[in-house]
Amino acid sequence: MNVITNNGIKCTVALASLQNVVDPEIGLNIVDLGLIYQLDFDESEKKIYCTMTLTTQFCPMGESITNAAKETLNGSFPDYETVLELTFDPPWIHEMISEEGHEFLNEK
Amino acid sequence: MFTAIGNTAIVKTTSYKVVLPFYLYAAVAFLVATILLSVSAGDFTKHYFHPHTLAITHIMALGWGTMIILGASHQLVPVLIEGSLYSNTLAYISFISAAVGIPLLAYGFYVFNMGWPAQCGGLLVISAIVAYLLNLSISMAKSKHENVHAFFIFTAALWLLTTAAVGLLLVCNFTDSLLPENSLDYLPLHAHLGIVGWFLLLVTGIGSRLIPMFLISKYNNTTQLWWIYGLINGGLLSFIFLFLYTNSRVLLTFPLMAVTVAILLFGHFCYMAYRQRIRKKVDEQMKVSLLSVSMMLLPVIFLVITGVLLLVSASESVSLVTAYGFIIFFGWITAIILGMTFKTLPFIVWNKVYHHSNGKAKTPNPKDLFSNVIFKWMSAAYISGFVFFTAGILLQDTVVLQSAAVLLSVTSLLYNWNVIKLLTYKPVSV
């Protein structure tokens, strides 16, 4: 799934940093898992709006993953405030895993 | 577009402080049971209604199987019922009551004192189940979601309460003659309420959620799970009716067939989840868990052989019945716990230790928090100990039984080693 954004360059930087956030059980980062849906940058208010999902709404690691995503974005863009919104519409499906993610899971 | 629902949508995980005592208690109970097994191995050549055999069975069923399932289910409540656990206090009450009650009950059986130790122990175990059931009921009532797994876990808890109540009645029947027959005559009823109603229903309910989740499988079949639910409960209800109101052994094949079909359907469910997995490599813990699913058919085979012999010779084969009980408690129940402990416990510990470190620094994976080498040795000791002990019961050979009991003790020692390693884990940054 492609990430929707209003700023391609900053989105690339943000996604690169979010690749450090890993789902501990799967061992795969949240970007290649397809958990990030949208990343918008509000230059006037200096805010990052990140819309993401989890593999299941009741994921035991949910809190850890969302906190990590938020802190990572705050770390990469210290002048911005991150507003993280969680959605399950549409719900995550396996088809959202990137090609790199599939390669990783086939190896693991 | 997406519908953002904010951070409130994340269901809070159950605190590790609630869950870890259950895991630790179960590990110690497994160790105690295998040590008693080594000391009393020769008793397994005698009738299964032997004080030592009864004590070991109850330590395995309650101290090991039930305590770890209670711990895991407190942790998994958010995943299974799709809502948060209602009360930590009720969970602590459940733990303390069971933790005190189980040794009292086991002691009562071991010295065959059916007076206050066994009766108080039984009452405390019932209190623990009531607290758990209350916690589960309110958690489910507060959850906005309904799913098949919640029905499995709730019904299983009701069967556990029934099993414990019947068990206490049988204990009291020794001293107060409350029932028309001897307690021994009701033993099959008590045992199958627990084995089928509690363990089988719960393992299929939790397993059908966790196995696809850990395999990262696309497979899901709710209709099949409802069939399993119906067949297990229908089979058990018909067994209770036939046991209490008829003398026909032939009719008892109907509940057996229902439960067998349920096990086969669950096996098919797990196989399809395995086939449709995204992560190709299956770790050792999942292999042991999947092995336990296939081991579910062993008791059915033993039960069929016992039933056929009973119809042909009209006398019960004691060694077959003892082996039947052994392969349930030391077989599939133990195998799935050995596998699933090292899928669930590392998560809980990881969440406790690295909750705030994800994304900031490279952290180890949950599977790196225990020793996989010890796990492999534990699995080897377990499989060989299990096979030899079953053979020892059937051959009525004390030397084989004692050797196998040592292997099972090694299994529990290695299991405890890894559990302690996890519980005492200190964070490191890689």
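How are helix 2 of chain B and helix 4 of chain B oriented to each other, roughly parallel or roughly antiparallel? In this predicted model, helix 2 (residues 51–81) and helix 4 (residues 116–142) of chain B pack with their axes 11 Å apart and at an angle of about 10°. Since angles under 35 degrees count as roughly parallel, the two helices are therefore roughly parallel to each other. Helix 2 of chain B contributes B:L62, B:L70, B:S73, B:H74, B:V77 and B:I81 to the contact, and helix 4 of chain B contributes B:V125, B:Y132, B:N135, B:L136, B:S139 and B:M140. By residue class, this contact comprises eight nonpolar, four polar and no charged residues.

Two further positions in chain B were examined. B:S40 lies in the loop between helix 1 (16–39) and helix 2 of chain B. The residue is buried, at 2% relative accessibility. Apart from neighbours within four places in sequence, the contacts of B:S40 are with B:H52, B:I56 and B:Y110. B:L168 belongs to helix 5 (residues 148–176) of chain B and is likewise buried, its relative accessible area being 13%. When neighbours within four places in sequence are set aside, B:L168 is in contact with B:Q119, B:G122, B:L123 and B:I126. The C-alpha atoms of B:L168 and B:M60 are 17 Å apart in space, and the two residues are separated by 108 residues in sequence.

In soluble globular proteins, nonpolar side chains tend to be buried together. The largest nonpolar core of the model has 185 residues, and A:L18, A:L39, A:M52, B:F389 and B:Y415 are those with the most contacts inside it. Helix 11 (residues 318–354) of chain B gives the most to this core, namely 23 residues. Residues up to four places away in sequence not being counted, A:L39 touches A:V3, A:I4, A:T5, A:N6, A:C11, A:A14, A:L15, A:L18, A:I48, A:Y49, A:C50 and A:L73.

Over all chains, the count of disulfides comes to zero. A disulfide requires cysteine sulfur atoms within 2.5 Å, whereas the sulfur of A:C11 is 9.3 Å from the closest cysteine sulfur, in A:C50, which is too far for a bond. A:C50 is accordingly in no disulfide, the nearest cysteine sulfur being that of A:C11. A:C11 is buried, with a relative accessible area of 5%, and A:C50 is also buried, at 1% relative accessibility.

Key: Residues are numbered from 1 along each chain as its sequence is written. Chains are lettered from A and ligands numbered from 1 in the order in which they are written. This is a predicted model: local features need pLDDT of at least 70, side-chain atom pairs count only at pLDDT 80 or more; totals for chains, interfaces and linings use all residues. Side-chain values use heavy atoms; hydrogens and water are left out. Axes are lines fitted to C-alpha atoms, for helices over the stretch in contact, and angles run from 0 to 180 degrees between N-to-C directions. Helices (H or I, at least four residues) and strands (E, at least two) are DSSP runs, numbered from the N terminus. Angles under 35 degrees count as roughly parallel, over 145 as roughly antiparallel, 65 to 115 as roughly perpendicular and the rest as oblique. Contact means heavy atoms within 4.5 Å. Ala, Val, Leu, Ile, Met, Phe, Trp, Tyr, Cys and Pro count as nonpolar, Asp, Glu, Lys and Arg as charged, and the others, Gly among them, as polar. A nonpolar core is a set of buried Ala, Val, Leu, Ile, Met, Phe, Trp, Tyr and Cys residues joined through side-chain atoms within 4.5 Å. Buried means under 20% relative accessible area, exposed over 50%, partly exposed in between (1.4 Å probe, protein chains only).
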